[in-house]
Amino acid sequence: MHTQNLKSDARCSLFVGQVGNDGDALGAARATLIGTAEPVPQNDIADAREKYLARQEDSRYWVDFADFSFFRLEPMDVYYVGGFGVMGWVEARDYEQALQTRWPGPRLAF
């Protein structure tokens, strides 16, 4: 269903949350990346597959199904919450710059 939805409308968001040390969900950092999902180019699929399987080991049972696809999120906006009362929008170019500083090389695919 996810793949069908992305193929008909590439707009999407990805929520990334941090488990709070004290179990307080409102005090934990989290971010929502908003953008478009693009299919991973054919020549990058093997690398994306390898990285995906390294993190999602049980998916080896379905990762090669015909209806399974890899997409790459191109962020346009990022909304960050650093905990209760700490929040704001992050410019996509600032996110991209931080991403390249911290993780040079290919971006993560999902």
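Figure 1. Two strands count as paired if DSSP finds at least two bridges between them. Strands (E, at least two residues) and helices (H or I, at least four residues) are DSSP runs, numbered from the N terminus.

**Figure 2. The whole chain, seen as a pattern.** How many helices and strands does the protein have? There are three helices and four strands, and along the sequence they follow the pattern α-β-β-α-β-β-α. The protein has 110 residues, and 24% of them count as buried. Here buried means under 20% relative accessible area, exposed means over 50%, and partly exposed lies in between (1.4 Å probe, protein chains only). The accessible surface comes to about 8,300 Å², and 55% of that belongs to carbon and sulfur atoms; the areas come from the Shrake-Rupley method with a 1.4 Å probe. Look also at how the chain meets itself: among contacts with a separation of 6 or more, 59% are between residues 24 or more positions apart. A contact means heavy atoms within 4.5 Å.

**Figure 3. Strand 3 between its two partners.** The bridge partner of I34 in strand 3 is D77, and D77 has E91 as its bridge partner in strand 4. Strands 3 and 4 form a hairpin with two residues between them. In that turn, G85 has a positive phi of about 85 degrees.

Figure 4. G83 lies in strand 3. Is G83 buried or exposed? G83 is buried, with a relative accessible area of 4%. Leaving aside neighbours within four places in sequence, G83 is in contact with L26, G27 and A28. G83 and A29 are 54 residues apart in sequence, while their C-alpha atoms are 5.2 Å apart in space.

**Figure 5. Two nonpolar cores.** A nonpolar core is a set of buried Ala, Val, Leu, Ile, Met, Phe, Trp, Tyr and Cys residues joined through side-chain atoms within 4.5 Å. The largest one has eight residues: L6, C12, A31, L33, A37, F71, L73 and V78. Strand 2 and strand 3 each supply at least two residues of this core. A second, separate core has five residues, including V40, L53, V63 and F70.

Figure 6. In one of them, the side chains of K51 and D47 meet at 3.3 Å, N to O. K51 and D47 are four residues apart in helix 2 (residues 45-55), so about one helical turn separates them. K51 is partly exposed at 36% relative accessibility, and D47 is partly exposed at 34%. Another salt bridge links R49 with D64, whose closest N and O atoms are 2.8 Å apart. Because R49 lies in helix 2 and D64 in the loop between helix 2 and strand 3, this pair ties together parts that are 15 residues apart in sequence. R49 is partly exposed at 29%, whereas D64 is exposed at 56%.

**Figure 7. A salt bridge at R11.** The side chains of R11 and D9 meet in a salt bridge of 2.7 Å, N to O. R11 counts as exposed, with 63% relative accessibility, while D9 counts as partly exposed, with 32%.

**Notes for all views.** Residues are numbered from 1 along each chain as its sequence is written, and side-chain values use heavy atoms, leaving out hydrogens and water. In this predicted model, local features need pLDDT of at least 70 and side-chain atom pairs count only at pLDDT 80 or more, while totals for chains, interfaces and linings use all residues.

Key:
Salt bridge = Lys/Arg side-chain N within 4 Å of Asp/Glu carboxyl O.
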